[in-house]
Amino acid sequence: MTTIGFLACETTLPGSQNRREDAFEHDLMVEAITPAFARRGWTFKVIDWEAPMEAFADVDLVMIGSSWNYWDKVDAFLTKLEALAKTGITVCNSPEVARWNIRKTYLGELEQRGARTIPTLWLDALTADDAAAAMDQFGCDKLVVKRQIGAGAEGQEMLERGQVSDDWRYTHKAMVQPFLPAIAQSGELSFLFFGGVFSHCVQKLPKDGDYRIQSLYGGREVTHEPSAQEIAQAAAIIEALPFAPPLYARIDMLEGEDAKLMVMEAELIEPYLYPEQGPNMGESLAQAIAKELDL
Ligand SMILES: Nc1ncnc2c1ncn2[C@@H]1O[C@H](COP(=O)(O)OP(=O)(O)OP(=O)(O)O)[C@@H](O)[C@H]1O
Ligand SMILES: [Mg+2]
């Protein structure tokens, strides 16, 4: 009997008192996965990642699903993944992959390994002068400043030349990028891979007047039928990872000025998997799990 666990959290589990507004995304993933696992006779368990170890007693493989509350308890989260792995459970993606992926400096490593990334400066903090110097260095008039550890565009700022007040400061460890205008036209493309095999692609667009594609800021998502060339560009990012293709990966890409895709993020911890735009998602995931467990 094979049991697959899906790590959720207090704010995504059904019946929670303080369920997140986007917890319906948890439900959509669970709905997409359930029939594919049932067809194979697997038991499917949705478990709070903070549940005691006993809750995982009969689990063979646990995947990180909708554990979207770990940002303020990163260490506890990684420690739990490691503890689960130590008991012999196959943890996907592995604690090592999660640790590697948590700080966006991994993008620098991907670049060194040949991936097309957005030009980025890594700074411990920024002043208005630093921002002006970055614009000069990139030869651009607009910058995006983001946290090295973060999600959901939190703490992110867009700066325009001549509009930054002298006393402006950014106090988090930062990554600084030229603003890529393609975000407003072609948006961001998310490519889903299971066990290194391409599954489906989603185009995410910001609402008029914004540049952030997150639904929180009015962004929207449509299915995108990628060209063979686009898939190859996303697959090249999977190949650039410093480990074997993980169970699941979401490669977020954006068009650069030469119309080629650049990686914005390689989401390997708890990405939303866009089941609505990938009707075969549950099956693709199940196939990758079967391979992982040698079933
Ligand atoms: N260099 C850039 N040029 C144009 N738009 C950008 C750039 N960097 C980020 N953005 C916009 O800001 C959004 C958030 O950026 P990013 O994905 O890097 O941060 P995040 O905080 O990890 O967000 P999430 O966790 O939702 O993916 C992007 O989805 C995109 O819409
Ligand atoms: Mg992103």
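Is Lys104 buried or exposed? Select Lys104 and keep the question in mind during the first stops.

**Before starting**

This is a predicted model, in which local features need pLDDT of at least 70, side-chain atom pairs count only at pLDDT 80 or more, and totals for chains, interfaces and linings use all residues. Residues are numbered from 1 along each chain as its sequence is written, chains are lettered from A and ligands numbered from 1 in the order in which they are written, and side-chain values use heavy atoms, with hydrogens and water left out.

**Stop 1: the whole chain**

Show the chain as a cartoon. Its secondary structure consists of eight helices and 15 strands; helices (H or I, at least four residues) and strands (E, at least two) are DSSP runs, numbered from the N terminus. The radius of gyration is 20 Å, close to the 19 Å that the globule rule gives for 295 residues, so the chain is as compact as a globular protein of that length. Here the radius is taken over C-alpha atoms, and the rule is 2.2 Å times the number of residues to the power 0.38. Along its principal axes, the C-alpha trace spans about 65 × 40 × 35 Å.

Of the 295 residues, 52% are buried. Buried means under 20% relative accessible area, exposed over 50%, and partly exposed in between (1.4 Å probe, protein chains only).

**Stop 2: Lys104**

Go back to Lys104, in the loop between helix H3 (95-102) and helix H4 (106-112). Lys104 is buried, with a relative accessible area of 12%. Now display its contacts, where contact means heavy atoms within 4.5 Å. Leaving aside neighbours within four places in sequence, the contacts of Lys104 include Trp122, Arg147, Met175 and Glu265.

**Stop 3**

Select residues 95-102, which form H3. Six of the eight residues of H3 are buried, so the helix is mostly covered. Colour the buried ones: Pro95, Val97, Ala98, Trp100, Asn101 and Ile102. They pack against H2, strand E4 (90-92), H4 and E15.

For H2, select residues 74-86, a helix that contains Val74. Val74 is buried, with a relative accessible area of 18%. Draw a distance from the C-alpha atom of Val74 to that of Ile102: the two residues are 28 apart along the chain, and the atoms are separated by 8.7 Å.

**Stop 3: Leu107**

Move to helix H4 and select Leu107. Leu107 is buried, with a relative accessible area of 4%. Which residues is Leu107 in contact with, leaving aside its neighbours within four places in sequence? They are Thr117, Trp122, Met175, Val263, Met264 and Glu265. For another distance, take Leu107 and Glu221, which are 114 residues apart along the chain and have C-alpha atoms separated by 24 Å.

**Stop 4**

Select residues 261-267, strand E15. Seven of its seven residues are buried, so E15 is largely enclosed by the rest of the structure. One pair to pick out is Leu254 and its bridge partner in E15, Met262.

The two strands E14 and E15 form a hairpin with five residues between them. Finish in the turn at Ala259, which has a positive phi of about 70 degrees.

Notes
Two strands pair if DSSP finds at least two bridges between them.
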